[in-house]
Amino acid sequence: MQLRSDQWYAGEDRNAYIHRAWMRRGVPDDAFRGRPQIAIANTASDLTPCNAHLTGLAQFVKNGILEAGGVPLELPVVSLGETNVRPTAMLWRNLAAMSTEEMLRANPVDGVVLLGGCDKTIPSLLMAAASVDIPAVVVPGGPMLNGTFRGAPLGCGTGVWKLSEEVRAGTLSQADFNRSESAMIRSAGHCNTMGTASTMALVAEALGTIVPGIAGTPAVDSRLHEAAQLTGRLAVELVGEGRTPSSFLTKGSFHNAIVALAAIGGSTNAVVHLLAIAGRLGIDLSVEDFDRIGSHVPLLVDLQPAGRHLMEDLFRAGGLLAVLAEVKDLLDPEALTITGRPLVEHLERAEIFDREVIARRDSPVQANAGIALLRGNLAPDGAIIKPAAASPQLLQHRGRALVFESIEDFRARIDDPELEVDADTVLILRGCGPKGYPGMPEVANMPLPTRLLEQGVRDMVRICDGRMSGTAYGTVILHVAPEAAAGGPLARVRTGDWIVLDVAGRRLDVELSDQELAARAPSAAMTEAPAKPARGWERLYVDHVQQADTGADLDFLVGASGSEVARESH
């Protein structure tokens, strides 16, 4: 078998000598002769708390690679922690993907195991693997154990949004809120709600890049360690069979991922990530596909933020395969997985063990709960909403706009007792798109005005060109494209304009004629608010980032460059 790494290690010339000698350090000679070199792209970092345990998980992957006759090589890659990184981890998703791609291409590796967990890590790793196109398989880091507070489930992320609003409303003391902090995070692992981390692990499995049945296994569960070891063995097999991402990922794979996204009530962030991954593969996936394929899929998982339970419960109840078995007829029957077998073949033994957590198809949590795509004069290129996390009575709504020019403007004014706002007002936050912030932060689920919270209001229609956390909830319209900073019509809306939302009709409009809207100039504050970086990655990002409706990748990163490296280093 001719290995890619032979281009470095095979032969008797000076360069082959250099490559082997510097890597040898006690390794026997046969390590460089016919044994697949398997990188473990590890996003572990103490500053990415959801991924801090991945170094331990990597050891099980190494064991499996060695058992199968491969050589494991741990490769630390850019790690993005959603909770700490400012201004937003999304600013560096494309950088993480680009750097991982380049390191995989530049080094003598034949295949790779991708270790990710926190929101942007699995998407960036898959973008990288798709662009370099060597055999690749994901091992997800797994969710943390369930949290509890005052006898009730406490979901990380979702609990923060809910409890912080109760403090502002005066129904929860600051002391109790502080006590909940240590109760929320019980173990290693990523968010235990259906946030973006959980969503992307489950969706990556439906896509076919994770061995079916693994995603959603808790981070501290010994079964995840076993799965990691078996995946290490599989990585060696993938090299022998030449099974690269482009060899099995198809439009049908993304169809299945979208069905899964709807059935689990997954994060809206999956839209921009799946679009970006598809762009690297050259697969024609559009934001319309999410509505066309997923909007009529029933929500079957009763999990926070759209329901009651947490990820440990989903795993106990039968996991993703049990969910997908209920909607098997909606899946593409030919789409393959990393195992070489179709996804649908892995559903034959799936079973629901707790119907409080996973509902049957004939009695869903919600009948039509997938991502809805909105268009109109406020969103010519589209905006999205997650009906499963919204208030049904607000899905058709007309109200006056209250416009905020930036997140700083919002925070300065939202609790002003003189602010002209009521429950019917539509809150609009702009300047938060890919170019404007930059990086498209998770600020769209704006906190409600304190005086409305005190009156018992717990949801309002909110519109933003940014994103929201997958752990968040509410009637929030996201990813408005084009964004305000790119000249989108959101930049020309004024406080007092009438906004009309019609989710059933898939419309989002401001009640102005096209001529009047086009004739308006953006406010001076709107012109000043967007980021204007002078140098570095932020400058490169702002100059080249695409809009949300195509995945917010950089224009020059779309597509693949393959794995070939023609020139020697010495």
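How much accessible surface does the chain have, and what share of it belongs to carbon and sulfur atoms? The accessible surface amounts to about 21,400 Å², with 51% belonging to carbon and sulfur atoms. These areas come from the Shrake-Rupley method with a 1.4 Å probe, and for residues only the protein chains shown count as cover.

## Basis of the model

This is a predicted model, in which local features need pLDDT of at least 70 and side-chain atom pairs count only at pLDDT 80 or more, while totals for chains, interfaces and linings use all residues. Residues are numbered from 1 along each chain as its sequence is written, and side-chain values use heavy atoms, with hydrogens and water left out.

## Overall form

The chain contains 20 helices and 14 strands. Helices (H or I, at least four residues) and strands (E, at least two) are DSSP runs, numbered from the N terminus. The C-alpha trace spans about 80 × 55 × 45 Å along its principal axes. Because a compact globule of 570 residues would have a radius of gyration near 25 Å, the 24 Å of this chain agrees with that form. The radius is taken over C-alpha atoms, and the globule rule is 2.2 Å times the number of residues to the power 0.38.

Of the 570 residues, 61% are buried. Buried means under 20% relative accessible area, exposed means over 50%, and partly exposed lies in between (1.4 Å probe, protein chains only). Among contacts with a separation of 6 or more, 77% join residues 24 or more positions apart; a contact means heavy atoms within 4.5 Å.

Helix H11 covers residues 251-264 and reaches 20 Å from its first C-alpha to its last, close to the 20 Å expected for its 14 residues at 1.5 Å a residue. The expected span is 1.5 Å times one less than the number of residues. H11 is mostly covered, with 12 of its 14 residues buried. Among these buried residues are Phe254, Ile258, Val259, Leu261 and Ile264. Their cover includes helices H8 (196-207), H10 (245-248), H12 (269-281), H13 (287-294) and H15 (319-326).

Helix H4 takes up residues 93-106; its 14 residues should span 20 Å, and its end C-alpha atoms are 20 Å apart, which agrees. The buried residues of H4 include Ala96, Met98 and Leu104, together with Arg93, Glu101 and Arg105.

## Two buried aspartates in loops

Asp302 is found in the loop between H13 and helix H14 (311-317). Its relative accessibility is 10%, so Asp302 counts as buried. Leaving aside residues up to four places away in sequence, Asp302 touches Gly307, Arg308, His309, Glu356, Val357 and Val365.

Asp459 sits in the loop between helix H17 (450-454) and strand S11 (462-464). Asp459 is buried because its relative accessible area is 12%. With residues up to four places away in sequence not counted, Asp459 touches Ala390, Ser391, Leu394, Leu448, Gly474 and Thr475.

## Backbone features

Most residues other than glycine have a negative phi, and most peptide bonds are trans. The bond from Arg86 to Pro87 is cis, with omega near 5 degrees, and Pro87 lies in the loop between strand S2 (71-76) and H4. Another cis bond joins Ala481 and Pro482, with omega about -5 degrees; Pro482 belongs to the loop between strands S12 (476-481) and S13 (498-502).

Arg150, which is not a glycine, has a positive phi of about 55 degrees. Arg150 lies between strands S5 (147-149) and S6 (152-154), in a loop, and counts as exposed at 59% relative accessibility. Met440 also is not a glycine and has a positive phi, of about 65 degrees. Met440 lies in the loop between strand S10 (426-429) and H17 and is buried, with a relative accessible area of 0%.

## An exposed strand residue

Gln396 lies in strand S9 (residues 396-404) and counts as exposed at 57% relative accessibility. Gln396 and Leu501 are 105 residues apart in sequence, yet 5.4 Å apart in space, C-alpha to C-alpha. Apart from residues up to four places away in sequence, Gln396 touches Leu501 and Asp502.
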